[in-house]
Amino acid sequence: MSYQVLARKWRPHDFDSMVGQDAVVAALKHALDENRLHHAYLFTGTRGVGKTTLSRILAKCLNCTGEDGKGGVTSHPCGKCEACRAIDEGRFVDYIEIDAASNRSVEEMTALLERAMYAPTQGRYKVYMIDEVHMLSTSAFNAFLKTLEEPPAHAIFILATTEKHKILPTILSRCQIYDFNRMKVGDTVEHLKYISAKEGIT
C-alpha cells in the first residue's frame, strides 16, 4: 500500500473537521441550512488557512445526494454518495479548480464562462473554484463581471485570494466575502496532538 502524506490523509472533508475557521464555517453552515445560496463567494486569507479545502467541502454540500440518493443541499454532506466521493477523489466533472496565475487571459476566462453556461453533467451545481483570482488581467475581470451580473442559476463561483485589495471593487460588490484567519498556535498544537494520537506517534 502506498504511503499517504499526513497533510492529505487528515485534510478536512466536512465542516466539523475544519480547524481554526469557526466564524467562516458557522456563516456558511447557516446559509446552507437556510437555503440562502449566493452565486459568488470570495475566500480571502493567507496561504494554507483552508480556502481550497473549504471550497471542496462547499461543493460537496451543494451536490450531495445523501446515502439514499434523495438528499438535497445540506451543511452535512454524507461523504458516501457518488458526488461526495468524486469531489474527494478529484474526479467530479462539475467541480472545476482553476489557477488564475496561469490562466489569467481574457480568452481563457471567456472560454471558462462559456462552458459555465451549460447545465451540470453530474451534479446539482457546477462549482468553479478560481484560485489566486487577483492575478486575472483587467480584461479577464471585466469579462467575468458580465457573468456575475447575470449568473446562470446552476453555477456557483468560489474565488480565492491572498490579496483582496487587488480585486476590482465591482467584483467585490457582487461576492459574499469570507475572511479566513491565521491558525492560532493553540489550535495547531491541539490538532497535531489529536493526529499524533490517532497515528500512534508519541
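# Pockets, cysteines and packing in a predicted model

Student: How do the residues of the lining of the largest pocket divide into nonpolar, polar and charged?

Tutor: A pocket is an open set of points on a 1 Å grid over the protein atoms alone, where a 1.4 Å probe fits, with protein on both sides within 12 Å along at least five of seven lines; lining residues have an atom within 4 Å of a point. Ala, Val, Leu, Ile, Met, Phe, Trp, Tyr, Cys and Pro count as nonpolar, Asp, Glu, Lys and Arg as charged, and the others, Gly among them, as polar. On that basis the lining divides into 10 nonpolar, 7 polar and 5 charged residues.

Student: What are the ground rules for the model and its numbering?

Tutor: This is a predicted model, in which local features need pLDDT of at least 70 and side-chain atom pairs count only at pLDDT 80 or more, while totals for chains, interfaces and linings use all residues. Side-chain values use heavy atoms, with hydrogens and water left out, and residues are numbered along each chain as its sequence is written, from 1.

Student: Which helix supplies the largest share of the lining of the largest pocket?

Tutor: The pocket has a volume of about 580 Å³, where volume is the space filled by probe spheres set on grid points joined across faces, edges and corners. Its lining has 22 residues, and Pro12, Gly48, Val49, Gly50 and Thr53 lie nearest the centre. Helices are DSSP runs of H or I with at least four residues, strands are runs of E with at least two, and both are numbered from the N terminus. At least two lining residues each come from α1 (6-9), α3 (51-63) and α8 (185-199), and the largest share, 4 residues, comes from α8.

Student: Which helix gives the most to the lining of the second largest pocket?

Tutor: The second largest pocket holds about 210 Å³ of space, and its lining includes Arg8, Arg11, Arg56 and Lys60. The lining divides into 6 charged, 3 polar and 3 nonpolar residues. At least two residues each are supplied by α1, α3 and α4 (82-88); with 4 residues, the helix that gives the most is α3.

Student: How many disulfides does the rule count?

Tutor: A disulfide is a pair of cysteine sulfur atoms within 2.5 Å. The count by this rule is 0. Cys64 is in none, the nearest cysteine sulfur being that of Cys78 at 3.7 Å, and Cys81 is in none either, with the sulfur of Cys84 nearest at 3.7 Å. The number of disulfides is therefore 0.

Student: What is the relative accessible area of Cys81?

Tutor: Buried means under 20% relative accessible area, exposed over 50%, and partly exposed in between, with a 1.4 Å probe and protein chains only. Cys64 is buried at 2%. Cys81 is also buried, with a relative accessible area of 6%.

Student: What is the radius of gyration of the protein?

Tutor: The protein has 8 helices and 5 strands. The radius of gyration is taken over C-alpha atoms, and the globule rule is 2.2 Å times the number of residues to the power 0.38. For 202 residues this rule gives 17 Å, and the protein is as compact as a globular protein of that length because its radius of gyration is close to that, at 17 Å.

Student: Where is Glu132, a residue with positive phi?

Tutor: Most residues other than glycine have a negative phi. Glu132 has a phi of about 50° and is buried, with a relative accessible area of 10%. Its place is in the loop between β3 (126-131) and α6 (138-149).

Student: Is Asn35 buried or exposed?

Tutor: Asn35 also has a positive phi, near 55°, and is found in the loop between α2 (22-33) and β1 (40-44). Its relative accessible area is 53%, so by the cut-off Asn35 is exposed.

Student: Which residues does Tyr178 touch, not counting those up to four places away in sequence?

Tutor: Tyr178 lies in strand β5 (residues 176-179) and is buried, at 10% relative accessible area. Contact means heavy atoms within 4.5 Å. With residues up to four places away in sequence left out, Tyr178 touches Val24, Ala27, Leu28, Tyr41, Leu42, Phe43 and Thr44.
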